[in-house]
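Thanks for coming. I have one structure to go through today, so please look at the screen.

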Amino acid sequence: MSTVELILTGMQLFISAATIITLLYTLRKFLRKPQETIEKRVTDLEKDVKDIKDALHKGNDKFREHDEANDVLIHCVLALIEFEIQYCLTENKAPSDDLKKAKEILHNYLAKK
């Protein structure tokens with residue numbers, strides 16, 4: 001064999017090996033594509049779930065704040081009713097039935113809480 005034939009044979013072997021390696025790499029990438037897609041989707045969904053949980057916790061905090069504000073307002077209204085009844089008694093006036101009923105309703109509501 002001459003050197004040219006030897007070089008050509010060597011180049012053919014090199015090109016064949018490079019082609020096989022490229023085909024194997026491409027096949028590997030092709031076969032991993034579904035897994036990569038699923039991993040990306042799972043990552044995105046985990047991020048969405050985390051965002052939803054954070055929003056839910058913030059919403060729960062808002063509801064807690066509203067509950068506290070409602071409690072304060074209820075106690076203030078009760079204090080105003082008590083004051084009005086006491087004022088009526090000191091002025092020798094009879095408290096209205098609606099005022100007494102409002103006090104009773106509010107006491108019953110607070111008792112159930």
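I will start with the overall form and then go to a few residues.

First, the ground rules. This is a predicted model, in which local features need pLDDT of at least 70 and side-chain atom pairs count only at pLDDT 80 or more, while totals for chains, interfaces and linings use all residues. Residues are numbered from 1 along each chain as its sequence is written, and side-chain values use heavy atoms, with hydrogens and water left out.

The protein has two helices and zero strands. Helices here are DSSP runs of H or I with at least four residues, strands are runs of E with at least two, and both are numbered from the N terminus. The radius of gyration is 41 Å, well over the 13 Å that the globule rule gives for 113 residues, so the protein is more spread out than a compact globule. That radius is taken over C-alpha atoms, and the rule is 2.2 Å times the number of residues to the power 0.38. Along its principal axes, the C-alpha trace spans about 130 × 20 × 15 Å. For a sense of scale, Cys-76 and Ala-17 are 59 residues apart in sequence and 87 Å apart in space, C-alpha to C-alpha.

How much of the protein is buried? Of its 113 residues, 7% count as buried. Buried means under 20% relative accessible area, exposed means over 50%, and partly exposed is in between, with a 1.4 Å probe and protein chains only. Cys-76, which sits in helix H1, is partly exposed at 40%.

Now the inside. In soluble globular proteins, nonpolar side chains tend to be buried together. Here the largest nonpolar core has six residues: Ile-74, Leu-78, Ile-81, Ile-85, Leu-99 and Leu-106. H1 gives the most to this core, with four residues. A nonpolar core is a set of buried Ala, Val, Leu, Ile, Met, Phe, Trp, Tyr and Cys residues joined through side-chain atoms within 4.5 Å.

Last, the rings. The structure holds one aromatic pair. The ring centres of Phe-83 and Tyr-87 are 6.5 Å apart and their planes are at 20°, so the pair is stacked. Rings of Phe, Tyr and Trp (its six-membered ring) pair if their centres lie within 6.5 Å; planes under 30 degrees apart are stacked, over 60 edge-to-face, and the rest tilted. Because Phe-83 and Tyr-87 are four residues apart in helix H1 (residues 3–90), about one helical turn separates them. Phe-83 is exposed at 56% relative accessible area, and Tyr-87 is partly exposed at 41%.
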